[in-house]
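Me: I have a structure open on my screen and would like to talk through how its pieces pack. Could you walk me through some of the contacts?

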Amino acid sequence: MAYPMYEVDWSVLPPEQNRRFNPAFNIATIKQVVNEAIERVRMPTPTRLRDLIRQIRAARTAAEERSVVNKECAYIRSTFREEDSVWRCRNIAKLLYIHMLGYPAHFGQLECLKLIASPRFTDKRVGYLGAMLLLDERQDVHLLITNCLKNDLNSNTQFVVGLALCTLGAIASPEMARDLASEVERLIKSPNAYIKKKAALCAFRIIRRVPDLMEMFLPATRSLLTEKNHGVLITGVTLITEMCENSPDTLNHFKKIVPNLVRILKNLILAGYSPEHDVSGVSDPFLQVKILRLLRILGKNDAEASEAMNDILAQVATNTETSKNVGNTILYETVLSIMDIKSESSLRVLAINILGRFLLNNDKNIRYVALNTLLRTVHVDTSAVQRHRTTILECLKDPDVSIRRRAMELSFALMNSQNIRAMMKELLSFLERSDAEFKAHCSSAMVLAAERYAPSSKWHLDTLFRLLLKAGNYLRDDTVSSTIQIISAAPTERQAYAAMRLWTSLERSAVSGDATEKQPLVQVAAWTVGEYGDLLVSEASNAISMVDEDGVDDFVRPTEEYVIDIYQKLLWSTQLSITTKEYLLLSLAKLSTRFTTRPSQDKIRVIIDTFGSHIHIELQQRGVELSQLYRQYAHLRPALLERMPAMEAPSGGARDDSDPEPDAPLDSSHDGSHQRTDQDALLDLIIGSEPMSNGDAEHETPPPATNNNTSSSNDILDLLSGLDLSTPSVPATSPTPITNSVPASNLLLDGLFSSPQPTPTITQTETTVTALERNGLRVEFAVARGGDTATLTMRAASSARSALTDFLFQAAVPRTFRLDMMSPSGTVLTPQGEITQVLKITNPSRTPLRLRIRVSYNMDGAPVLEQAEVNNFPPDLFN
């Protein structure tokens, strides 16, 4: 039977004629529509997210913004009390925005769980986003979504699976990770590329949270490198990199994939234009960078793997476009890989030349990266870096403060006995125009460099005098004492020259009124003039040449009365420190035995008597005591104030006596000056972390500026006191051969494709010695044998949860040894990170090595100091 008049309206046909009619479905739909309509009538429509954003942005004050937020939070709370709210998704979205502004939003955690359980994708999306933002493993609520995650990981919709994987990777606790790791491992094998890359990233986060689960993902991870999809390749390389960094066994397992990685990288370089992966003319630079980083990890300390990747690294370095920042990024990663693996010498020269080109780039970020990388790799091939010295010195004039700082540190690292004059001249100019924050660091390093590489004593003194003049009060306190020691040990003619040169500077400072800004100079000048004032005013001074490097001789021989007038002007100054006035007062007393005229003697006596009633007790005491040398003890004055003998250098200068053995008894019949305990023998300590010389590879970085009230000798005694001198057993470790390479030529590609010249190699063996392991900090030395000189690579690693800042490593050796320290790789030790520093120890006597170390750092704002003695080095270290 037909009903033609109802054919247009199928909804009113009888059930037997209307095949589209579903009673259960239509009744549920009608109920939902009716309920939503009632809900809308009963409760007004809530504010939309965009309207809330406009209201908050329109707030003129913080109080007005808080009022808007509090009002909206109160409304959202009231809607959460309803069991079935149709606006839950919108309210959670607004609550997440409020959370991003910094306001509390914890009351929406359970509502997020309700949205996650919803069958709608739009609800799940907002619910999972809320869970990632509002929940973490410290909240017990997050355990409630484990079942929802498991259900969604088995969903037929790839986007729902992707949401679950993202949320699991973001908030997974160790317990949740163990429960769902098998599901993630199954999804890595999925044929769907979208799900596969999401699962690989989730596995990456799970392994970082629970390293024990790494073995579960090993079989599935290796297959990711066979995929054609670049997204899957990137996630696979990222996952393998994380595994290799966390486990040495896994690292050895994945070294077999080096040829696969080389093939993928070669295809990327030689591939034609692909609009899907092209970025500024470079094919998928993100994947290239990931592969280069993984190759760097796989090739470190592995000659075979390094050999397999040498050619591809050379191709990347020569074929990558440098006009765009994308190409520079790839070149930077290539340079890091070349420097970290056992690459050929010509390839290292190519890498350093790439960094040299970076220094000429207009982008200051690229220049900074180049300087930073050169500073970390300068010890690998110093001669290649020396070729770019002119460009590095130009960076000292850069307007960017960070670039100037890195250029300064690199300049000290390149300093040696051949270039000391030119480098010091440039650094003196830099010191004069530099900001205050640079002066202390720069001047301290220049003092150390001048002491180590000075070509002559006259040049050394002139350099120290220029430093005293240009660095002013930023010099360390020990610079004054070391300069005085050098002057006292010099021959008479050089002492007269020093007195004349310092007198000229002292006179200018007193006349111009800037003596308060150059108090170290005033102190050294006062001591020198007091000791050698008779040489200053005598006619013999006319025979001494005072022509400086500019060809100017501005010295005028002063009279005795004029010298005393200058002293009086300085002593009467209210701006000079008490210490400086003590130098001046004692120097003036000494001049009473150096000057011969009666008016000079009387004038000096009047000035000294004046200080007998000084307000400062120290100066008053000195004034009273010195006044007695004119009265009751006048006959003792010439002997008490006679010229001081030559002072000995703190480091020992020419050392004739050697250290006693730890167990050898001291012979009491020997002269006391030749008797040294183990404590005294270790006083040869390099203060701070300044590196020293290494033959032609000079590398020096200045130590941090010390407080003027702190004595460096106290630091030495703190480090060397109360340590155990017992010799523990030597651990048995397997040696690893290391081969040194020879630097190549200057040109960028010179020697890259030519046959290598036969060069002699020095075979070294490497042993690992644990030096310190406390509070999550582990310090160990990788020891490489090499005749009289051993190379120690200090590696510091931390398992603490927070980063260790201001990390400083110090070391001391006996006097018979020579310790040269390269610059550290950094001063911030991150969790699971590493700081390295190279130490070169020369031992002509080949006695057993004893090393004292001290490590200081800040953890969570609290300073920590650890110290120990290391004497478990191999006995045949220097054989």
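This is a predicted model: local features need pLDDT of at least 70, side-chain atom pairs count only at pLDDT 80 or more; totals for chains, interfaces and linings use all residues.

Me: Let's begin with helix 8 and helix 10. Which word describes how they lie, roughly parallel or oblique?

Reply: Helix 8 spans residues 158-171 and helix 10 spans residues 193-209, and their axes come within 8 Å and cross at roughly 15°. Helix 8 passes helix 10 in a left-handed crossing. Angles under 35 degrees count as roughly parallel. The two helices are therefore roughly parallel.

Me: How many nonpolar residues does the contact of helix 8 with helix 10 have?

Reply: Helix 8 brings residues including F159, V161, L165 and L168, while helix 10 answers with residues including Y194, I195, C202 and I206. R205 and R209 of helix 10 are also among the residues that meet helix 8. By class, the contact has 3 polar and 3 charged residues, and its nonpolar residues number 11.

Me: I'd like to look at the aromatic rings next. What kind of pair do F159 and Y194 form?

Reply: The structure holds 10 aromatic pairs. In the pair of F159 and Y194, the ring centres are 5.5 Å apart and the planes stand at 65°. Planes over 60 degrees apart count as edge-to-face, so this pair is edge-to-face.

Me: How many residues apart are F159 and Y194 in the chain?

Reply: F159 sits in helix 8 and Y194 in helix 10. The pair thus links distant parts of the chain, with a separation of 35 residues.

Me: Moving along, at what angle do the axes of helix 18 and helix 19 cross?

Reply: Helix 18 covers residues 345-359 and helix 19 covers residues 364-377. Helix 18 passes helix 19 in a left-handed crossing. Their axes come within 8 Å, and the crossing angle is roughly 145°.

Me: Which residues of helix 18 make the contact with helix 19?

Reply: On the helix 19 side, the contact is made by I366, R367, A370, L371, T373 and L374. By class, the contact has 8 nonpolar, 1 polar and 1 charged residues. Facing them from helix 18 are I352, L355, F358 and L359.

Me: Now the strands. Which residue in strand 10 is the bridge partner of A790?

Reply: Strand 7 (residues 789-798) and strand 10 (residues 834-842) pair in the antiparallel sense over 9 bridges. Strand 9 (residues 818-821) also runs antiparallel to strand 10, joined by 4 bridges, and there D820 stands opposite K840. For A790, the partner in strand 10 is I841.

Me: Finally, which residue takes a positive phi in the hairpin of strand 11 and strand 12?

Reply: Strand 11 (residues 851-859) and strand 12 (residues 862-870) pair in the antiparallel sense over 9 bridges, and S856 stands opposite L865 in strand 12. The hairpin has 2 residues between the strands. The residue with a positive phi, near 55°, is D860.

Notes:
Residues are numbered from 1 along each chain as its sequence is written. Side-chain values use heavy atoms; hydrogens and water are left out. Axes are lines fitted to C-alpha atoms, for helices over the stretch in contact, and angles run from 0 to 180 degrees between N-to-C directions. Angles under 35 degrees count as roughly parallel, over 145 as roughly antiparallel, 65 to 115 as roughly perpendicular and the rest as oblique. A crossing is left-handed if the near helix is turned anticlockwise from the far one by less than a right angle, and right-handed if clockwise. Contact means heavy atoms within 4.5 Å. Ala, Val, Leu, Ile, Met, Phe, Trp, Tyr, Cys and Pro count as nonpolar, Asp, Glu, Lys and Arg as charged, and the others, Gly among them, as polar. Two strands pair if DSSP finds at least two bridges between them. Rings of Phe, Tyr and Trp (its six-membered ring) pair if their centres lie within 6.5 Å; planes under 30 degrees apart count as stacked, over 60 as edge-to-face and the rest as tilted.
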